[in-house]
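Work through the exercises below with the sequence and the model side by side. Try each task before reading its solution.

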Amino acid sequence: MRPFAFLLPAFIALPLFVFSQEEPEKHPIDVALDNCMDKNPSTQGMVGCLDAAYKKWDAELNKNYKALTSQLNATQKAALLAAQRKWIEYRDLEFKMQTSVYATMQGTMYQPMAINDRMEVVKKRALDLKNYLDLLEIK
């Protein structure tokens, strides 16, 4: 028997396993963003699409925050409020940092990149709050 022949089945099965993994379902906001970007591939179009998605993620964040506060006791609400205030400080500083970096870049391609980076900060927080909500539904 050849050396490493026992690895052949693994090499055959590995791609099947990797490609059979389902991609997580996209959030409706991300689906709408993808559709918008497909219809508006210009820089101006992408900026508009990303700005709309940013606003939707911000609304989603606020919706999740309100829903979460309605599920928490007083101690948990105080902890969430403190965390949210610190997150807002972080967000503002992160936006300032992003602005300072992108201000040094030349070219229109950096405009949608800058808005996308802002959107991702807000999206992450919105999804984090949603995860807490989902966790509370389990108990």
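**Exercise 1.** Classify Arg-91 as buried or exposed, and find which side chain it meets in a salt bridge.

Solution. Start with the area. Arg-91 has a relative accessible area of 18%. The classes are buried (under 20% relative accessible area), exposed (over 50%) and partly exposed in between, with a 1.4 Å probe and protein chains only. Arg-91 is therefore buried. Next, the partner. Arg-91 meets Asp-92 in a salt bridge, 2.8 Å from N to O. A salt bridge here is a side-chain nitrogen of Lys or Arg within 4 Å of a carboxyl oxygen of Asp or Glu. Asp-92 is partly exposed, because its relative accessibility is 38%.

A note on the numbers: this is a predicted model, in which local features need pLDDT of at least 70 and side-chain atom pairs count only at pLDDT 80 or more, while totals for chains, interfaces and linings use all residues. Residues are numbered from 1 along each chain as its sequence is written, and side-chain values use heavy atoms, with hydrogens and water left out.

**Exercise 2.** How many salt bridges does a search of the whole structure find? Describe those of Lys-26 and Asp-30.

Solution. The search of the whole structure gives eight. Take Lys-26 first. Its partner is Asp-34, with the closest N and O atoms 2.2 Å apart. Lys-26 is partly exposed at 41%, and Asp-34 is partly exposed at 30%. Now take Asp-30. Asp-30 bridges to Lys-123, and the closest N and O atoms are 2.9 Å apart. Asp-30 sits in helix H2 (residues 28-39) and Lys-123 in helix H5 (residues 110-138), so the pair ties together parts that are 93 residues apart in sequence. Helices are DSSP runs (H or I, at least four residues), numbered from the N terminus. Both Asp-30 and Lys-123 are buried.

**Exercise 3.** Determine how H2 and helix H3 pack, and which residues make the contact.

Solution. First, the geometry. H2 and H3 (residues 43-69) pack at about 170 degrees, with their axes 9 Å apart. Axes are lines fitted to C-alpha atoms, for helices over the stretch in contact, and angles run from 0 to 180 degrees between N-to-C directions. Angles over 145 degrees count as roughly antiparallel, under 35 as roughly parallel, 65 to 115 as roughly perpendicular and the rest as oblique. H2 and H3 are therefore roughly antiparallel. Second, the contact (heavy atoms within 4.5 Å). From H2 come residues including Ile-29, Asp-30 and Leu-33; from H3, residues including Leu-50, Trp-57 and Glu-60.

**Exercise 4.** Where does Glu-60 lie, and is it buried or exposed?

Solution. Glu-60 lies in helix H3. Its relative accessibility is 14%, so Glu-60 counts as buried. Leaving aside neighbours within four places in sequence, Glu-60 is in contact with His-27, Ile-29 and Ala-126.

**Exercise 5.** How many aromatic pairs does a search of the whole structure find?

Solution. The search finds two. Rings of Phe, Tyr and Trp (its six-membered ring) pair if their centres lie within 6.5 Å; planes under 30 degrees apart are stacked, over 60 edge-to-face and the rest tilted. Tyr-54 and Phe-95 have ring centres 6.3 Å apart and planes at 55 degrees, so this pair is tilted. Tyr-54 lies in H3 and Phe-95 in helix H4 (residues 74-102), so the pair ties together parts that are 41 residues apart in sequence. Phe-95 is buried at 7%. Tyr-102 and Tyr-110 also form a tilted pair, 6.5 Å centre to centre with 50 degrees between the planes.

How values were computed:
Helix = DSSP H or I, 4+ residues; strand = E, 2+ residues; numbered from the N terminus.
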